[in-house]
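Subject: Structure handover

Hello,

Here is the structure you will be working with. Please open it first, then read the notes below.

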Amino acid sequence: MSLTPPGRFISLEGLDGAGKSTHLAWLTGQLAARGIDHLVTREPGGTPLGEKLRELLLHEAMHLETEALLMFAVRREHLAQVIEPALAQGRWVICDRFTDATYAYQVGGRGLDLTKFAALEQWVQGREGGLLQPDLTLLFDVPLEVSRARLAGARELDRFEREQDAFFERVRAAYHARAQASGGRLRVLDASQSVAQVQADLAAVLAELGVA
Ligand code: TYD
């Protein structure tokens, strides 16, 4: 259910190295070219407090449940300070990762108990009438080898990027399961294709949103 009119809330997801940043830049360029007022933000992060917590999340060893709870704490602040005010003003919100990442990385990757997450999600995103979540989530899907190859030689890897292959296989499988159960909210894009082909696929999704 969409609780976010009149703005649109779009999140981007995928394995590390899927090419999210490149496609995010192209997508926001398309919105800007059409004069669509939008805000670009990210998780974990998006607020001054959230960005401080991001540093800890990416680089500081911590209990796995602390990690999960901090992801939702960052999200609570982000919704209150940034996302909900922007949507209320009718702006589009383009968010680099949101709750699907928590289900993929903390539940799928880390193996934490799914049932606890529904309660956290309800706490943080529960609004009168249902859950506040993206209207659309673009899932940039790549096989693990592609993700690994793109990360190789990149800047210093963070705590997540240094995980083993099996971790990322679980993350990817969790994303696919989320997509299947999402009733069309998550759109899987084959991000192993050329950048131009992924952009063509994205253009088709934008056209469905009335951005042509
Ligand atoms: P990422 O978008 O990959 O940042 P960058 O492109 O700058 O490396 O996000 C950082 C990491 O955070 C990524 O490895 C996934 C992880 N993450 C979670 O584990 N759970 C979450 O809920 C979110 C939002 C991110």
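Start with one term: a residue is buried under 20% relative accessible area, exposed over 50%, and partly exposed in between, using a 1.4 Å probe and protein chains only. The model is predicted, so local features need pLDDT of at least 70 and side-chain atom pairs count only at pLDDT 80 or more, while totals for chains, interfaces and linings use all residues. Residues are numbered from 1 along each chain as its sequence is written, and side-chain values use heavy atoms, with hydrogens and water left out.

**A buried threonine**

T102 sits in helix α4. Helices (H or I, at least four residues) and strands (E, at least two) are DSSP runs, numbered from the N terminus. T102 has a relative accessible area of 1%, so it counts as buried. Contact means heavy atoms within 4.5 Å. Leaving out neighbours within four places in sequence, T102 contacts M71, F72, R75, V107 and F117.

**Strand β1**

Two strands pair if DSSP finds at least two bridges between them. β1 runs parallel to β3 (residues 92-96), joined by 4 bridges. There, I10 is opposite I94. β1 also pairs with β6 (residues 136-141), again parallel, over 5 bridges. Here E13 faces L139.

**D16**

D16 is in the loop between β1 and α1. Its relative accessible area is 12%, so D16 is buried. The D16 side chain makes a polar contact with the side chain of Y105, at 2.7 Å. A polar contact is a pair of N or O atoms within 3.5 Å; within protein, one must be able to donate a hydrogen and the other to accept it, and residues adjacent in sequence count only if both atoms are side-chain atoms. Beyond residues up to four places away in sequence, D16 touches R97, Y105, S147, L151, E161 and F168.

**The largest pocket**

Which residues lie nearest the centre of the largest pocket? They are D16, K20, R54, R97 and E161, from a lining of 31 residues. A pocket is an open set of points on a 1 Å grid over the protein atoms alone, where a 1.4 Å probe fits, with protein on both sides within 12 Å along at least five of seven lines; lining residues have an atom within 4 Å of a point.

Best wishes
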